[in-house]
Amino acid sequence: MTYRAPLNDMLLALNHGAGLKAAVEAGHYGDFDPDITAAVLEEAGKFATDVLAPLNKIGDRNGVKLADRQVTTAPGWPDAYKRWTEAGWNAVSGPEAHGGQGLPLAINAACTEIWSASNVAFGLCPLLTLSAIEALDAHGSEELKDIYLGKLISGEWTGTMQLTEPQAGSDVGALRTRAERAGDGSYRISGSKIFITYGEHDMTDNIVHFVLARLPDAPAGTKGISLFLIPKFLVNADGSLGARNDIYATGVEHKLGMHASPTCTMTMGDNGGAIGYLIGEENAGMRCMFTMMNQARLGVGLEGVGVADRAYQQALAYAQERKQGRAVGSKATGSDAIIAHPDVKRMLMQMRVLTAAARSICYATAVALDVAVRAKDPAVRTEAAARGALLTPIAKAFSTDIGNEVAYLGVQIHGGMGFIEETGAAQHYRDARITAIYEGTNGIQAIDLVTRKLGANGGASVFKLLDELTDIVRRVEASNDPAFGSTGTKLRDALGALDRSSRWLLEKLGTAPNDALAGATPYLRLFGSALGGCMLANEALAARSENDGARHVALARFFAETFAVQAPSLEKTVTDGADAVLGAEAVLVA
């Protein structure tokens, strides 16, 4: 089956779950006209259905090929990318001063979900280009912006992010790529990087690499890392492409999934060193790179949402068509469609509500990041920046975990046919797996949440968010709508578990940090479950006056009574599980 963007669900999540409507009404989006949102997403959905979705299986089967240090992408890829840029999709949220459309990040986030759902391997390329745009716009010199920013925003050139080396994965400070100062203000970079997404391809004339490297006199660790812009082709004074730079793809990985996305080994320095240009200041590269990484982490979270929604749509269609067995009480003369069986209904509902919760969390992150730069009041911007920072690791980790879980259920619903590649269910499962690993593993996201985001201001950002979520619960309870069932009670219990776990972790950060780290991953899951459940309830409250209100109330209730109800157990895992985790070494080595 093909893909159809769930526009009504997306708009409800964007406007009410994520709070875009309230932020616009508060004046935080300036003169942005929210009425265009539906039109943009509708057109994005058409492009995804007509152009990108048909290439998804083609890309998976054909993959990419490396010959003579040149990568050839799957059939249809260059043409699809050309149509993508001509339609302006790469420029949606780019700054208007350099040719972008200047639309909110929240709108582009919804588009990113659509690209990821229709063809996640394709959508990964512009996702990283968007991160490159953010880093260059925030930290690059005016000269570099004039040369490169417009081309990146239009999509005429693509961007990469190059951190990882064989000995330096999550430990970025261990990298060995070297940079030498040249007399003309540029630098010569030598070394190699691995796992570089779209490090080489045939879809654009130039690729702009953002590379972390270390100067000879740099301090050890992350304090001695600088960020450099290294173009595949140097750019002449008139803007035309010049000589080939000394940076090449010397290998491509053969992966579990994402076959159509080239994952390259990049080598610099075989011919004197790649010519690079400093972004920001020397030895301050990590600050610049985090601008890229935070943007990319939200994008990867949206990949999880997109793959989950695609897997759900396919599983739903299969369950409606596949006949097997007789449902209890069925009066049919033959077999019933498997959707009639309660266990299949349960799995489909799990897929649906988990996807919806992850979607709202990602959109809320984008809205917070928007307000952090668009609001007029500095205090509002500061508070929104803290909210965006808090939500980013949850958006990345919770949503990609959900992508994996939902894709798993999609295979299960297909039964034996789910294990067969022709159905496509297996591809979603394979593609989703990497999302919990790259752009910072989900364990690292949990550590970031506990040690940096929760502890940044004594928990103030967390407790303010809890107050807002508690207000949603009050409104659910005040509605006196029996269709909500025990939603209010279950969500209130979940928020209580989150509050107590947060206070326990704050205490342990100062007295027993390893205890806090041992509980970081279940804490992130607890946070995502409580937050997602409340967002779905808020959407249900908003939808009650519309024709599909009953449907969203039912979804919110199912999530609260199936997933939010797990919060007290997760709290116990956070607060009582440290001894078991920290004492596991003796068992693991036995």
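**A loop and the spaces around it**

Tutor: E439 is located in the loop between α10 and α11. The helix and strand names are DSSP runs numbered from the N terminus, helices being H or I of at least four residues and strands E of at least two. Residue numbers start from 1 along each chain as its sequence is written, and the model is a predicted one, in which local features need pLDDT of at least 70, side-chain atom pairs count only at pLDDT 80 or more, and totals for chains, interfaces and linings use all residues. Side-chain values rest on heavy atoms, with hydrogens and water left out.

The backbone of E439 has a positive phi of about 60°, although E439 is not a glycine. Most residues other than glycine have a negative phi. E439 has 16% relative accessibility and therefore counts as buried (under 20% relative accessible area; exposed is over 50% and partly exposed lies in between, with a 1.4 Å probe and protein chains only).

E439 also belongs to the lining of the largest pocket: of the 40 lining residues, T164, I437, Y438, E439 and G440 lie nearest the centre. Rolling a probe the size of a water molecule over the atoms shows where empty space is left. Here the search uses a 1 Å grid over the protein atoms alone: a pocket is an open set of points with protein on both sides within 12 Å along at least five of seven lines, a cavity is a set where a 1.4 Å probe fits but cannot get out, and lining residues have an atom within 4 Å of a point. The volume of this pocket is about 1,200 Å³, a volume being the space filled by probe spheres set on the points, which are joined across faces, edges and corners.

At least two lining residues of the pocket come from each of α5 (105–139), β5 (187–197), α7 (285–321), α10 (425–433) and α11 (442–454). By class the lining has 18 nonpolar, 12 polar and 10 charged residues (nonpolar: Ala, Val, Leu, Ile, Met, Phe, Trp, Tyr, Cys and Pro; charged: Asp, Glu, Lys and Arg; polar: the others, Gly among them).

The axes of α11 and α13 (residues 487–511) are 10 Å apart, at an angle of about 75°. That angle makes α11 roughly perpendicular to α13. Axes are lines fitted to C-alpha atoms, for helices over the stretch in contact, with angles from 0 to 180 degrees between N-to-C directions; under 35 degrees counts as roughly parallel, over 145 as roughly antiparallel, 65 to 115 as roughly perpendicular and the rest as oblique. V450, T451 and L454 of α11 meet S502, L505, L506 and L509 of α13, contact meaning heavy atoms within 4.5 Å. This contact has five nonpolar, two polar and no charged residues.

For α5, the neighbour to look at is α3 (residues 36–62): the two axes come within 8 Å and cross at roughly 10°. That makes α3 roughly parallel to α5. Among the residues in this contact are F47, A48 and L52 of α3 and C111, I114 and W115 of α5. By class it has 15 nonpolar, five polar and no charged residues.

α1 (7–17), α8, α15 (520–543) and α16 (549–562) each give two or more residues, and α8 has the largest share, four. This lining has six nonpolar, two polar and four charged residues.
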